[in-house]
Structures are given as structure tokens and as C-alpha cells.
Amino acid sequence: MTRSEPVPGGADLEVVVERLAVGGDGMAREPEGRVVFVAGALPGERVRVRVTQRARDYWRAEVSEVLEAVPERVEPPCAEVSRGCGGCGWMHVDPAAQLELKVGMVRDALIRQGRLTDVGVVAAGTVAPLGYRTTARFAAGPSGRLGLRRSASNDVVEVDGCLVVHPALGEMIATVRIPPGSELTVRVSRHTGARTALLTAGGHPPGSRSRPRVATPRSAGPAQHSAIQGLPPDVRVGPDSSLVERVGGVDLRVSAASFFQSSPESAALLVGAVGRALVASGTAVRRWADLYGGVGLFAAALLPGSEVIVVEQSHSACADARHNLLNRNATVIESAVEEWVPAPHQLPLDAVVADPSRRGLGREGAEVVARTGAPTVVLVSCDAAALGRDAALLIERGYEHRGSEVLDLFPGTPHVEVVTRFGRSGP
């Protein structure tokens, strides 16, 4: 790992941004040719920046003044940005331009990290830029008010509202108080209007797919309720609380402690992209695996009549998946994917769908996928760099990149969602 040091007081520098780096920072060069990653800058802009970190091979900086802006730059619609809220790092980017910028980041990652030369990457859809999130996680500020993390910091910026959350969640921001150091995940069903809340210990970034650390025992809904002040009486509290969401005509139970996509619209876009990738393989899928399967979204919505094995390590999500897949030919296995060994009678598989956390499959996950012998792998990635690394690992194991679809499920942020099809090399 390259060591870097903060720059006390910073240093001013004028640069021209060449392109976007994976993660959304602008990439420029200082006069001696060293790469400078500039938070908040867009390709083609001339900006004055303040250097915040210096490493041997690169510097990091933030924009102090935009000298020549590009048409994609807009005034952030959210007042919380100027107060330091880092929840939406791309509020200064025109929503109409964000998806194509993300396509470029994904293509760059597949070329640089994946070492591919012929890359098929297309834009495949986006959700509305405002009011789209039906799941949100807030941190407690010093006074217990709800807030979001400052960019590149653990500091909490208390907010008066949030433009990207569903109104049924946004109305709680001004009134709810939680213990300092804790976080509150709130969710609303667009299908039924039901709401849930889960209090956890701090430390997980917003949108994390890691299992939440529950601040009270699993059965302690009343104890959680007493620790949350100002919560509307209809909100179901605690890890055992749940609601029903509908995606593509399929009803899914989602418990408060289970991961789910940022909205049912996001989930529907993902289901559509994964379904297209499976169809594009050109082979019948009779038995398949849904790895990191969560509450059973893909297993419930895709390939009716097939046999599916769902592998998921979250106890809460597995319980939801078993409920959601009662009418399917499905086996739910509670296990880390990296530790799963398919039984002989479960092989061969016709396809694997894998939706890992932000860090991707990694070497162990890629090895598990390869051991299934599945001729088709559909990989869902929420980080472009992780996709690039995973592509290289799968290619090493005999797969070929057969195309990627980029979805914008987090407008106003540089976060990407990519559905990629891999097929076995050769005939």
C-alpha cells in the first residue's frame, strides 16, 4: 500500500481535469506530471484545488474554485451540501449526465483493473434523482439529531432534511432523536406504506451490505423503541420487524435487519438486467445458484420452474428468503459464499448469479464460482474497481467477459451498479 500524508493547511494548485477516476474523483496532473485526484471536479474543467494528501505516486485534492466549468456542472439542489453533508457526492452533476459518466468509469475499470481490451459496456437505466430511497441509514449527531457523514470523514453533519429519501422517511428527520454514536436504518414499503426502524451501533457506512451490529438483543424491539425518541407510532421497531415490498409483481418480506436495495424501482432494474443476461447466454437454465442471495430477490423473480440454490450468510436475510421462496423449488443455505461447497447432487449448475458486497467476489469467491462449473456467470457489482478485479479473476479461471450493463441506482452519488455476463471460454 502506498503511504500518504495529510497536507497541513493544504496547498493551492491550478489543474485541468482529464477524466474521471474510478470512485468519481476527477483525475488531473500537477506541473511535474504527478497524478492528482480531485474530489468534486469534472472532466474538461479547469479548477483551482487545495492539496489535502501527498503520496509518492499521486496527490489528493479538493476543489477550491472552478475557473472553467463544463455544461454538466449544476448548482446542487440540496442546501445540506453547503453545510458539509457527504451523503451525495455528485449533487453538482447534472442528473442527465450521470449515467454516461458512470459508464465511462466502468469501462475504464475493466480496461485498467480487468486488463481487457475489447469492452462492451452500455447504459441500462436509472431511477428518479430525488425521493427515490425507500431505505436510508442515518447517524446520530452530538445532540442525537439525525445526520449523515461528512465526505471522507466519520464526523456527522446533522441535517434538516434529505432530498433523496422517500417523503415517509424524510418526515422523521426533524423529530427523531437517537443515542449519540448509534445509527438508525429506516425503511418504507412503497407497496403498503409500512415503515420499519433498526437501531445499530455506529461504524457501518450508509448503504453498507455488511450485517448490522444490533445495539440491543434480537428480541428487544421494546428496548429499541425506548432508545429512539420522536418515532411515529406506526413504525415497527427492531431487528424482527418487517414489511412487504413488491418487485415486478412478486411480494417480498424484508426484515429490518436484512439488506435490500435502495428502492423497489432499483430492485426491478436489477432484476431486469440480470434476467437479460441469463437469456443472452442462449442456454436453458434448469438449476442455478443465487450467491449472496439476500432475501431471495433474484431467486423469487427470475426463472420460474427452475431449481435454485440460495447462499447467504445473514441469518435475517435467510429467514426472509425461506419465506419468500416457499412456492419455488429453492434451497436456502445460511453460509458465507467463500465457505460453501455444493453437494454432488446439486451439480452441474447451468448458471450462477452473484451479488457480493462492495469489495466484490475476491479470489475466494471467484474460486467458488469457478468450482460450480457453470457455463454462465452473471455478476452484480456495486463498485467499478471491484468489478475490474473480479473480471480478471474470472478470466484467469476460464471465463470471458460477454458484456456489462450499467445502472444508476444512486443518482447524486458516484456509486455504480453493474450487471456483467461472463461465459466459459471456447466452444
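A residue is called buried under 20% relative accessible area, exposed over 50% and partly exposed in between, with a 1.4 Å probe and protein chains only. By this criterion Asp-408 is buried, at a relative accessible area of 1%. The structure is a predicted model, in which local features need pLDDT of at least 70, side-chain atom pairs count only at pLDDT 80 or more, and totals for chains, interfaces and linings use all residues. Residues are numbered from 1 along each chain as its sequence is written, and side-chain values use heavy atoms, with hydrogens and water left out.

Asp-408 belongs to strand β22; helices (H or I, at least four residues) and strands (E, at least two) are DSSP runs numbered from the N terminus. The side chain of Asp-408 makes a polar contact of 2.5 Å with that of Lys-102. A polar contact is a pair of N or O atoms within 3.5 Å; within protein, one must be able to donate a hydrogen and the other to accept it, and residues adjacent in sequence count only if both atoms are side-chain atoms. Contact in general means heavy atoms within 4.5 Å. Apart from residues up to four places away in sequence, Asp-408 touches Gln-98, Leu-99, Lys-102, Gly-125, Thr-126, Val-127 and His-415.

Helix α8 (residues 384-396) contains 13 residues, and its first and last C-alpha atoms lie 19 Å apart, close to the 18 Å expected at 1.5 Å a residue. The expected span is 1.5 Å times one less than the number of residues in the helix. Because ten of its 13 residues are buried, α8 is largely enclosed by the rest of the structure. The buried set includes Ala-384, Leu-387, Asp-390 and Leu-394. Packing against the buried residues of α8 involves α1 (95-112), α7 (362-371), β21 (376-381), β22 (399-408) and β23 (417-424). Just after the helix, Gly-398 has a positive phi of about 95 degrees.

Helix α4 (residues 264-280) has 17 residues, which should span 24 Å at 1.5 Å a residue; the end C-alpha atoms are 24 Å apart, in agreement. Among its buried residues are Pro-264, Ser-266, Leu-270, Val-274 and Leu-278. The cover over the buried residues of α4 includes β15 (242-247), α5 (297-301), β20 (351-354), β21, β22 and β23.

Glu-30, between β4 (26-29) and β5 (35-39), is buried at 7% relative accessibility. A polar atom of the Glu-30 side chain lies 2.8 Å from the backbone nitrogen of Arg-34. Beyond neighbours within four places in sequence, Glu-30 contacts Leu-13, Val-36 and Trp-59. Asp-94, in the loop between β7 (58-68) and α1, is partly exposed, with a relative accessible area of 27%. A polar atom of its side chain is 3.0 Å from the backbone nitrogen of Ala-96. Ser-151 lies in the loop between β10 (146-149) and β11 (156-158) and is exposed at 54% relative accessibility. Ser-151 touches Gly-84 and Gly-86, residues up to four places away in sequence not being counted.

Most residues other than glycine have a negative phi, and most peptide bonds are trans. Arg-115, which is not a glycine, has a positive phi of about 60 degrees; Arg-115 is in the loop between α1 and β8 (121-126) and is exposed at 57% relative accessibility. Phi of Tyr-292 is also positive, near 55 degrees. Tyr-292 lies between β17 (287-291) and α5 and is buried, at 17%. The peptide bond from Leu-347 to Pro-348 is cis, with omega near 0 degrees.

Three cavities of 30 Å³ or more are found in the whole structure. A cavity is a set of points, on a 1 Å grid over the protein atoms alone, where a 1.4 Å probe fits but cannot get out; lining residues have an atom within 4 Å of a point. Grid points are joined across faces, edges and corners, and a volume is the space filled by probe spheres set on the points. The largest cavity holds about 90 Å³. It is lined by 13 residues, of which Cys-78, Glu-80, Cys-85, Cys-88 and Leu-148 are closest to its centre.

How values were computed
On a 1 Å grid over the protein atoms alone, a cavity is a set of points where a 1.4 Å probe fits but cannot get out, and a pocket is an open set with protein on both sides within 12 Å along at least five of seven lines; lining residues have an atom within 4 Å of a point.
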